[in-house]
Amino acid sequence: LGGRTWTGTDRFDTSSMAALGLLATAEQRHDLLRGSAGAMYDQVTGRITPLYGMAATADSTATAEVAVISYEDALSSEAAQGRMVRMASRLREDSAAWEARFLAVDSAWVPVLAKGRNIGLVQAEVDRARNTFMQRLFHPTPAAFIGRPVPGKTAPSIPLDPWLAKYRSQPDTLRFVRGKDAIDHDLIIPHGIALVLERGARWNIAPGVSVVVNGELHIRGTGLNPVFIRPEDAARPYGAIAVHGDGDTRVRISGLQMSGGSGVWYDGVAYRGMLAFHSADVRMEHCHIGAALGKNALAIKRGHAVLDDNQFTDAAQDLVHLAEVRGQVERCSFSQAAGGEAADRSGLILRGCHVLIQECTFTGLPFTALRIGHGSEAMALNSTFSGNSTAIRATDGSRADVEGCSFTANKLVYALHED
């Protein structure tokens, strides 16, 4: 997928990077600046969090190339070194408490470090090292250790595709009205611009093509005038309609009939649903989402979601995948007309979620209908499970409360275990 290819310092979590830089300066450790302790990659946001490791255990051979190239660059900007100084100032406000904590730790370790040596001399060495460390921690000089700060680079902005100019109804809105539109190339909607599909809009999307929205998404179909999103070639899936949000980004969808997509990788993030929303506030109602050819028909990660009166049918893997989501799934149906049983497939899968499932139907799924895992908490009320391989599977310390549900002709009703 085309789009932003910026691979520099904007990838890093700025607070974590400032903390790492401050500790590296206090300990005078250039190996930390080279990323010796590695990093964590956030698959939802595409952000990188640098890690700290003790000098004795840091493994410089395990560092990813991106860290080796970018840690020092990330800490050489005026903004990054300014964050380090401000962080030190906040620590300094509580310096007496920090000194007491360090002293307690050192006192416990001095007898171990002595190893038969004069304990007074060892104590003096430890005191000097602690005082030097605290001086550098509370009064850092990052320019002396890291290098003179330089003006920060700005990640290039995403330009608006010229093809979209005719749909720009307002400076901050792209609007597709009733009628057919062929989407024959990838579209990246910049930050600050909302995408709106009005009732009666019809998209035919070319194979492999995706639309990634960095702002709000509104789809306004009705029962009489749905919005249709279909593949240009029924035998070849398009990618995805994806939203990359900031936590509060609104997604409002009604009356959508969608099929024939798969998923997309964009800007270091995997959007694994034909319809995929990351870090967004999602409300979907009166939609029919089916015939997905990728991992999931609908995938929502890290946000809030209300799914009301939707039909989810016939996915190649999971019908709906929710991860780190709070919300409700109400009056939705999950069904599969074709496809064999698979142990790792689900109608609705929850990972790290807090979700109410109410008045839903799970019918004819040759796999697990409702999978609750990774510490999720779910309540299923007044829902129907009929003709599924497994009705409810709960794992990994999750909690499932079930009340007023009916179970008919399922091979297995409950499967409770620790993966």
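A salt bridge, as I use the term, is a side-chain nitrogen of Lys or Arg within 4 Å of a carboxyl oxygen of Asp or Glu.

**Ground rules.** I am looking at a predicted model, where local features need pLDDT of at least 70 and side-chain atom pairs count only at pLDDT 80 or more, while totals for chains, interfaces and linings use all residues. Residues are numbered from 1 along each chain as its sequence is written, and side-chain values use heavy atoms, with hydrogens and water left out.

**Entry 1: R220 and E198.** I looked up this pair and found their side chains meeting in a salt bridge (3.3 Å, N to O). R220 sits in strand β10 and E198 in strand β7, 22 residues apart. Strands here are DSSP runs (E, at least two residues) and helices likewise (H or I, at least four), numbered from the N terminus. R220 counts as partly exposed because its relative accessibility is 37%; buried means under 20% relative accessible area, exposed over 50%, and partly exposed in between (1.4 Å probe, protein chains only).

**Entry 2: strand β7.** Next I followed E198 into its strand, residues 194–198, and saw that five of its five residues are buried. Side chains in a regular strand alternate between the two faces of the sheet. Here A194, V196 and E198 are on one side, L195 and L197 on the other. What does β7 pair with? It runs parallel to β4 (residues 173–176), joined by four bridges, and also pairs in the parallel sense with β10 (residues 217–220) over four bridges. To count as paired, two strands need at least two DSSP bridges between them. I noted T173 as the bridge partner of A194, and L217 opposite L195.

**Entry 3: another salt bridge.** The whole structure holds 16 salt bridges. One of them joins D42 and R302 (2.7 Å, N to O). D42 lies in the loop between β1 and β2 and R302 in strand β18, so the pair ties together parts that are 260 residues apart in sequence.

**Entry 4: the core.** Which residues have the most contacts inside the largest nonpolar core? They are F277 and F334, in a core of 70 residues. Such a core is a set of buried Ala, Val, Leu, Ile, Met, Phe, Trp, Tyr and Cys residues joined through side-chain atoms within 4.5 Å. Strand β16 (residues 273–285) gives the most to this core, with six residues. A second, separate core has 23 residues, including A26 and L91.
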